[in-house]
Amino acid sequence: SRQLDRWLNNPTVDDRGLGKRAIDLIVAEGKQVAEGLPGHQRAEILALCDEVEALSDQFAKLCAAGLGDTPEAQEIARRLNAKLHELKKQIQTAVVGRVVEDFMDVATPLKQFMEAVNVPEGTPGRDQNFAQKAAALQAFSDRAAKTSRMVAAGGSGGNKKLAEILLSSAAQIDSLTPQLISAGRIRMNYPGSKAAEEHLNNLKQQYADTIARMRAHCDQATDPADFIKASEEQMQKHTFLCEEAIRQRQPQKMVDNTTGIARLANRVLAVVNQEADNSEDPEYIGKLNACAAEIQNRVPQMVQDAKAVATNISDPQAAECKRVLDYLAVSEVIDTMEDLVQFLKDLSPCLSKVTREVSAREKELTHQVHSEILVRCMEQVKILAPILICSMKVYIHIVEQDGKGAGEAAENRNYLAARMSDEIQEIIRVLQLTTYDEDQSELDNLTVLKKLSNAIRNKMETAMDWLANPYALKGGVGEKALRQIVENALKIADRCLPQHASAIRKVASDVTSMTNALCELRQDGKGTTPQAENLAREIRGRLTDLNRAVQDAVIGVSRLVILHEEAEDGNAMPDLSRPVQAVSIAVTNLVKVGRETINNSDDDILKQDMPHSLARVEDASQLLEQASAMLRADPYSGPARKKLIEGSRGILQGTSALLLCFDESEVRKIIRSIFRGVFLPIEIIEIPD
């Protein structure tokens, strides 16, 4: 760097080409780093390398001609210096980004590979699973080795010893990985061989130690501030994906991204602790230790919150409330006006969303007590929020002046934050109690279906208007209406007969996929293209199909109830052969799928509970068939009507019990995956010393 600066600042002095060679080394370093980057980053760095090379050649020619102190040469030197700084910054940013991303999880690929090796003989798909996990381990190793070489080339800060260690680690990983995979294959083929097991374990330990050292040295080579900033950006990315998973009701995706946040937080904690150990400034060390303690307290709480959300993923309002709780939890560490402004920017949109969604949810509830609790709690939150902000502002003013009364101000702030948190917790409790408050009888079920059907019809015009307007923006009222139509249709699918449910889910899936594609086109300003207009036209057609499928489902559930009511009025019952036959076919298919589910499941509770529900549905179907036969003989038969109602009730309640049994099994899977993926790995839930 000194040779470079000397050449640019004193072009008339002969430096024997040292300045030019220094620039050439930086350019070579940039090109080497670019080789391991994705397309857009590679293109940016290579373009900068070309610009620096061109300017360097021009400047060197002017210096050689004795024109190094001319205005033209000085302008080229200025531009060259600026481009060099930009290139160095790009290299550093790229290297740090790769270190943060590629070494976020160094344990899972090896862990999953070893699990695949130990799968018992005779297990279906054993070889395919091993091949998949071995390929994943090889891909991870290749990526880690490439990043290590990239850090050695562009991130070691001229530390040759560190660069040599990184290059050596990369070579070791290149060598160890195929040996480890080969040893795993031998151990899998000869599970009883002690020699094969010992050889595999030795290679596994060597691999784990090498990859851990590689990560530690890569972390050491990066600037702590840049590392923390890049880690924060990755956490924000995972946070966005968590929120997307909650909206899409994908618990596994949410758990995976929460795990990523926890791993990143633990790595930041390690860097902060290392920085504190390397410092001799007591004040600086104190601030770092306070930050470390804060991270250490937050990670376990985040994991607990993730568990709560994942086990109740169908309730996005409750998840949004938990975000408000997270913000309230940091209110006690806000001690500057800048922090308070950022706190408000983060909290306000989240709190507004909670207010809107909880108010909308409250209007859906039919249980008056729950509805009143939500209204009361939201009113309290609206009152407390501005008072809390004022108390935080008062505390900051006191701290910035003489500090007198800071303790009382902090106590008042904490009290208000705690009260507001209590109200939010109560909202979460009620939301988790009530996905819907309706009783599970057949008549109440019909009431819910009709209510959802009416909601779909009411929003249909708004959705159609949005589709017809090629300039309508993403996120508008029309798009929200369309999304709510799909959401309500899926709720109907959960409550109707199987043959109607499958049709609704298929159309709803098509509408969602096409709407996502249309939103992307309109977001890119392509809403008027033939592709977008054809897509909008297709969505309108599919929405009409969805509405028709919903109406058919509601009619299918209500038909037998309506027939019973007509019979009670003294009218003769019509021939039910065709509808009962359709129900019998649907029940046969349902029972077949249920038994296949039992045979393929490893859930003992499901295997115990589901057969009873299947038997109930089968018995109810037989009651319907008997009622149909009796009514053909006597349309006014009282016993036949009784069997009809008992059969209808049995099918509706039995189907609901089946769905509940299956849903509970899925929840147990989620909980097991949470314990396997989040709570068990030591590196996630335990903070490193």
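Author: Let's start with surface: accessible areas come from the Shrake-Rupley method with a 1.4 Å probe, and for residues only the protein chains shown count as cover. Here the protein chain exposes about 35,600 Å², with carbon and sulfur atoms supplying 52% of that. A quick word on the ground rules: this is a predicted model, where local features need pLDDT of at least 70, side-chain atom pairs count only at pLDDT 80 or more, and totals for chains, interfaces and linings use all residues. Residues are numbered from 1 along each chain as its sequence is written, while side-chain values use heavy atoms, with hydrogens and water left out.

Reader: Fine. How many helices and strands does the protein chain have?

Author: Helices (H or I, at least four residues) and strands (E, at least two) are DSSP runs, numbered from the N terminus. On that basis the protein chain has 23 helices and zero strands.

Reader: And what share of the residues counts as buried?

Author: Buried means under 20% relative accessible area, exposed means over 50%, and partly exposed is in between (1.4 Å probe, protein chains only). Of the 689 residues in the protein chain, 43% count as buried.

Reader: Which residues is Ser-231 in contact with?

Author: Contact means heavy atoms within 4.5 Å. Setting aside neighbours within four places in sequence, Ser-231 touches Val-100, Leu-264 and Val-268. For the whole protein chain, take the contacts with a separation of 6 or more: 73% of them are between residues 24 or more positions apart.

Reader: His-217 next: buried or exposed?

Author: Buried, because its relative accessible area is 18%. His-217 belongs to helix H8 (residues 194-221). Leaving out neighbours within four places in sequence, its contacts are Leu-162, Ile-165 and Leu-166.

Reader: What would a partly exposed residue look like?

Author: Look at Ile-285 in helix H11 (residues 282-310). With a relative accessible area of 22%, Ile-285 is partly exposed. Beyond neighbours within four places in sequence, Ile-285 contacts Ala-276, Ser-279 and Glu-280.

Reader: Now helix packing. How do I read a pair of helices?

Author: Two packed helices are described by the angle between their axes and the distance between the axes. Axes are lines fitted to C-alpha atoms, for helices over the stretch in contact, and angles run from 0 to 180 degrees between N-to-C directions. Angles under 35 degrees count as roughly parallel, over 145 as roughly antiparallel, 65 to 115 as roughly perpendicular, and the rest as oblique. Take helix H5 (residues 108-117) and helix H7 (residues 160-189): their axes come within 9 Å and cross at roughly 25 degrees. That makes H5 roughly parallel to H7.

Reader: Which residues in H5 and H7 meet?

Author: From H5 you have Leu-110, Phe-113, Ala-116 and Val-117, and from H7 Leu-180, Ile-181, Gly-184, Arg-187 and Met-188. By class, this H5 and H7 contact has seven nonpolar, one polar and one charged residues. For those classes, Ala, Val, Leu, Ile, Met, Phe, Trp, Tyr, Cys and Pro count as nonpolar, Asp, Glu, Lys and Arg as charged, and the others, Gly among them, as polar.

Reader: Last topic: what is the count of salt bridges?

Author: Side chains of opposite charge can pair when their charged atoms come close. A salt bridge here is a side-chain nitrogen of Lys or Arg within 4 Å of a carboxyl oxygen of Asp or Glu. That rule gives 22 salt bridges. One of them joins Asp-57 and Lys-20, with the closest N and O atoms 3.2 Å apart. Asp-57 lies in helix H3 (residues 39-64) and Lys-20 in helix H2 (residues 18-34), so the pair ties together parts that are 37 residues apart in sequence.

Reader: Where do Arg-595 and Glu-618 lie?

Author: Those side chains, Arg-595 and Glu-618, meet in a salt bridge at 3.1 Å, N to O. Arg-595 lies in helix H20 (residues 577-600) and Glu-618 in helix H21 (residues 604-633), so this pair ties together parts 23 residues apart in sequence. There is also a network: salt bridges with shared partners join Lys-506, Asp-510, Arg-542 and Asp-545. Within it, Asp-545 and Arg-542 form a salt bridge at 3.1 Å, N to O. They are three residues apart in helix H19 (residues 530-568), which means about one helical turn separates them.
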